[in-house]
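Trainee: I have a structure open on my screen and would like to learn how to read it. Could you walk me through some features, one by one?

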Amino acid sequence: MSDGAGTRATAGAMAEAAREWLDTLDAGQRERATGHVPSGDGDTDAERRRWFYTPTDHGGLTFHEQLPPQQRAAMKLVGSGLSRAAYVTVATVMGLENVLDHSEGFVAMFDRTRGRDPLMYYLRVFGEPGGTGAWGWRFGGHHVSVNMLVVDGEVVATTPCFLGADPATSELLGEATLRPLGRVEDLARDLVRSLPAELRGRAVLLDKAPPDVVAANRTDPQEGDNWIPLAGIWRGRFGSDTEQAKLDAASEAIEERAGFTGPEQDLLRLSRSPRGVPASELDAAQREMLRDLLGTYLCRVPDEVSPMTRYDEAAELDRVHVAWAGSLDRGAPHYYRLQGPRLLIEWDNTQRGANHAHSVWRDPSSDFGLDVLGAHRAAHHLA
């Protein structure tokens, strides 16, 4: 994180926006829009640490349940925790629900009145915004998950942070294309392609890509974890057996198309020791490409709270490893991972003929601010 003054200023803007939004809500709305004070406790804090990137119930108050002025106040809160570029990307990803609905023939339901829905995004505030102590907020829906924690007036956690795009590429007038995460994909491919043969052989773990990000939506990824099939990344089962059967069939079809053997899965499992090639073995141009790629993740939040400057230090960048799976041809299924101390970044673009992208930034040691909450609890709440 940056200096304390910067994190306090961002935390202040978040608190002001959160209070403004909550003040617009009636009692029923407020009940759905709020949650327990962040504590790190496994029971009372469990809901805050649940997150999704599928079109399921993310928990909180949806835009459907809000009047336009309330929706605007909600987006002001979302914007307070994002850089301008990330805010534009989030707004674009939300709008893609209409494009996806069109692509599928306006038929997806997912056990609700509309399956692909740009208003089915959820916002929840945990604790009391501002002042001392801990509070946070979560915003999520299909292909968006933003998680923020503030402790004693400073932003202390901004991960997990997930952005996806479906379609990843779509047409615009004038033979232009819309690629909300285009640079997030292209920079990584260009970097791996630029490697000499020996390094590239070590960076490319496998010639086929997993069907999803490997850490999935786990609260606490562990050594040996692998991806979770699609049907497992939802908040419970559907009430409709018909809709559940559709989801299960789609999930099974994705796994079947991926066609992974056990040994192939083992090559991509999470490990404490990063896989791939460390930045210490890259040349100057490749290191700059890696920094630019890191920026497409770490600059999703305001500069004041981004850890991006950490990688101005050569020794910090040296420890970031680059790993790839799948084809290096554009338009083909692929996956990559960046991993180092306090860093786990994953990308995949495999589904719908490699036109459905997922990207996630995590801090395995401090997702949801659990390390900070533990220290805060010890300092302020234990005898």
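**Reading a buried ring and its surroundings**

Mentor: Let's begin with Tyr 336, which counts as buried because its relative accessibility is 1%. Please keep in mind that this is a predicted model.

Trainee: Which residue forms an aromatic pair with Tyr 336, and is the pair stacked or tilted?

Mentor: The general idea comes first. A pair of aromatic rings is described by the distance of the centres and the angle of the planes. In this structure, Tyr 336 pairs with Trp 324: the centres are 6.2 Å apart and the planes make an angle of 15°, so the pair is stacked, since planes under 30 degrees apart get that label.

Trainee: Where do Trp 324 and Tyr 336 lie in the chain?

Mentor: Trp 324 belongs to strand β12 (residues 321–326) and Tyr 336 to strand β13 (residues 334–340), so the pair ties together parts 12 residues apart in sequence. Trp 324 is buried too, because its relative accessibility is 0%.

Trainee: How many aromatic pairs does a search of the whole structure find?

Mentor: It finds 10 aromatic pairs. One of them joins Phe 110 and Trp 234, with 5.3 Å from centre to centre and 50° between the planes, and this pair is tilted. Phe 110 sits in the loop between α4 (84–103) and β3 (122–126), while Trp 234 sits in the loop between β10 (204–206) and α7 (241–258), so this pair ties together parts that are 124 residues apart in sequence.

Trainee: Are Phe 110 and Trp 234 buried or exposed?

Mentor: Phe 110 counts as buried at 17% relative accessibility, and Trp 234 counts as buried at 7%. Rings can also gather in a cluster: Trp 51, Tyr 53 and Phe 162 form one.

Trainee: What sits over the ring of Phe 260?

Mentor: The charged end of Lys 208 does, 5.0 Å from the centre of the ring.

Trainee: Let's move on to the nonpolar core. Which residues of the largest one touch the most other members?

Mentor: That core has 70 residues, and those touching the most other members are Trp 21, Trp 137, Phe 139, Leu 290, Leu 294 and Tyr 336. Helix α1 (residues 4–23) supplies the largest share of this core, with seven residues. Apart from this core lies another, of 14 residues, including Leu 205, Val 214, Trp 227 and Ala 325.

Trainee: What does Leu 294 touch?

Mentor: Leaving out residues up to four places away in sequence, Leu 294 touches Cys 299, Met 308, Tyr 311, Leu 317, Leu 338, Leu 343 and Ile 345.

Trainee: Now the backbone, please. Where is the peptide bond cis?

Mentor: Look at the omega angle. The bond from Thr 159 to Pro 160 is cis, with omega near 5°, and so is the bond from Asp 166 to Pro 167, again with omega near 5°. Pro 160 is in the loop between β6 (154–157) and β7 (161–165), whereas Pro 167 is in the loop between β7 and β8 (170–172).

Trainee: Which residues other than glycine have a positive phi?

Mentor: His 143 is one of them, with phi near 70°, and Arg 352 is another, with phi of about 55°. His 143 lies in the loop between β4 (134–141) and β5 (144–151) and counts as buried at 2% relative accessibility. Arg 352 lies in helix α11 (residues 351–354) and counts as partly exposed at 42%.

Trainee: Let's step back to the whole chain. How many helices and strands does it have?

Mentor: The chain has 12 helices and 15 strands. Its radius of gyration is 20 Å, close to the 21 Å that the globule rule gives for 383 residues, so the chain is as compact as a globular protein of that length. Buried residues make up 54% of the chain.

Trainee: What share of the contacts with a separation of 6 or more comes from residues 24 or more positions apart?

Mentor: Such residues account for 66% of those contacts.

Methods:
Residues numbered from 1 in each chain as written. Predicted model: local features only at pLDDT ≥ 70, side-chain atom pairs only at ≥ 80, totals over all residues. Heavy atoms only, no water. Helix = DSSP H or I, 4+ residues; strand = E, 2+ residues; numbered from the N terminus. Buried < 20%, exposed > 50% of the residue type's maximum accessible area, 1.4 Å probe, protein only. Phe/Tyr/Trp six-rings, centres within 6.5 Å; stacked < 30°, edge-to-face > 60°. Lys NZ or Arg CZ within 6 Å of the ring centre and 35° of its normal. Core = buried A, V, L, I, M, F, W, Y, C linked by side-chain atoms within 4.5 Å. Contact = heavy atoms within 4.5 Å. Rg over C-alpha atoms; globule rule 2.2 N^0.38 Å.
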